[in-house]
Amino acid sequence: MKESLPKGSGDSVIKFGVIGYGYWGPNVVRNLDQLDGSEVLAVCDKSHAAQKKVHKAYPHIKVTSETAELMTSTEIDAIAVVTPVWTHYELTKAALENGKHVFVEKPFTSCSAQAEELINLAAKKNLKIMVDHTFLFTGAVKKISQLLEEGTLGNIYYYDSTRVNLGLFQHDVNVVWDLAPHDLSIIDHLIKESPEAVVATGETHLNSHEDIAFITIYFPNKIIAHINVNWLSPVKVRTTLIGCEKKMLVWNDLAADEKIKVYDKGVNITSREGLYNLLVNYRSGDMWAPQVEQIEALHHELAYFVECITKDKTPMNDGKAGLRVVKMLEAASESLRQRGALVQL
Ligand SMILES: NC(=O)c1ccc[n+]([C@@H]2O[C@H](COP(=O)([O-])OP(=O)(O)OC[C@H]3O[C@@H](n4cnc5c(N)ncnc54)[C@H](O)[C@@H]3O)[C@@H](O)[C@H]2O)c1
């Protein structure tokens, strides 16, 4: 093993310890196991049932219930934290203190103060943090980002997303902290402006956590984002409208193909003699469905994390990106508490 090398250099394989083998952990372990540049040395989960599953699927991987075994291992370079959000801070901090790079699930932490502390600690120790903003690595988001950057869509007016399904109810977080991080990380990536204010409304029907919420985010230049998240929907919907100056886009993430449709539609308004004499021009042209890459996003993301470590690059979804998302979540929570008050960021 390469203990003498500064973590993050050389061409060797990055050795991982993974904490948490519940719903999402198996995806992280499978992808790390398949990548050329990484190897999973150990998986830690408190649950006996989860430990048995790891044993069965990966007899060569060490299984433990003690996080300390991973943290203090001289062989492990990086830790993946795939546990509920309230554990992220403590586990990430321990990993950084023990000289490990960290891949941590979304949302990064339960509050921005924790995120800031971890960012500073990682910087001091010259270690990488990557927050699992999986959607940034999907073919759909990569394509939308490309269409925006090359100017095909024109300036963005709005991002309007519906992310609803029945369940999975979480015990520790509301629907905002569970589902909205996906859209917030996408918005953070696509909209090159800092959010100004957040308004959120929602309701708690079954326990003390909101199971439905509507979040509005205001940006400079009249850009607005709206996210509808709901655990009480009879059907699963993952549809996002992105309205821009030149084109309008519909992204249906559940579509097997043609996930993205770009419409050459728009409105031009001109006024000759003040507000009462508006000339409204609707433009309705062709629709096209650009090719979208189909490879598993998590595979790309973990390969990128390994590359960031070995080539000493700062990930685009680093701790700072995680913090920006947590700040929007905090503002949404505050607004929810005040039944839709405008909360400045
Ligand atoms: N990126 C994505 O698309 C995506 C999808 C689902 C979940 N997630 C995130 O992944 C994280 C985990 O979610 P999940 O749905 O897999 O949760 P889960 O409850 O199904 O699994 C968590 C596992 O962690 C174990 N665990 C908890 N605390 C531990 C500790 N201190 N030490 C060892 N083991 C511990 C539990 O025993 C459990 O097996 C959450 O942050 C969630 O937001 C991300």
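This is a predicted model: local features need pLDDT of at least 70, side-chain atom pairs count only at pLDDT 80 or more; totals for chains, interfaces and linings use all residues.

I noted the crossing as right-handed.

Next I looked up which residues make this contact. From α6 they are Val 141, Ile 144, Ser 145 and Leu 148; from α7 they are Ile 186, His 189 and Leu 190. By class I have 5 nonpolar, 2 polar and no charged residues.

Then I asked how enclosed α6 is. Of its 11 residues, 8 are buried, so the helix is largely enclosed by the rest of the structure. I listed the buried ones: Gly 139, Ala 140, Val 141, Lys 143, Ile 144, Ser 145, Leu 147 and Leu 148. They pack against α7 and against strands β7, β11, β12, β13 and β14. After α6 comes Gly 151, with a positive phi near 85°.

I turned to the strands. Helix α6 (residues 139-149) lies across β7, β11, β12, β13 and β14, and runs at about 170° to β12. The sheet is open and has 9 strands, in the order β14-β13-β12-β11-β7-β10-β9-β8-β15, with mixed pairing.

Last, I checked one pair. Strands β7 (residues 156-166) and β11 (residues 232-244) run antiparallel and are joined by 9 bridges. Ile 156 stands opposite Cys 244 in β11.

Methods: Residues are numbered from 1 along each chain as its sequence is written. Side-chain values use heavy atoms; hydrogens and water are left out. Two strands pair if DSSP finds at least two bridges between them. Helices (H or I, at least four residues) and strands (E, at least two) are DSSP runs, numbered from the N terminus. Contact means heavy atoms within 4.5 Å. Axes are lines fitted to C-alpha atoms, for helices over the stretch in contact, and angles run from 0 to 180 degrees between N-to-C directions. Buried means under 20% relative accessible area, exposed over 50%, partly exposed in between (1.4 Å probe, protein chains only). A crossing is left-handed if the near helix is turned anticlockwise from the far one by less than a right angle, and right-handed if clockwise. Ala, Val, Leu, Ile, Met, Phe, Trp, Tyr, Cys and Pro count as nonpolar, Asp, Glu, Lys and Arg as charged, and the others, Gly among them, as polar.
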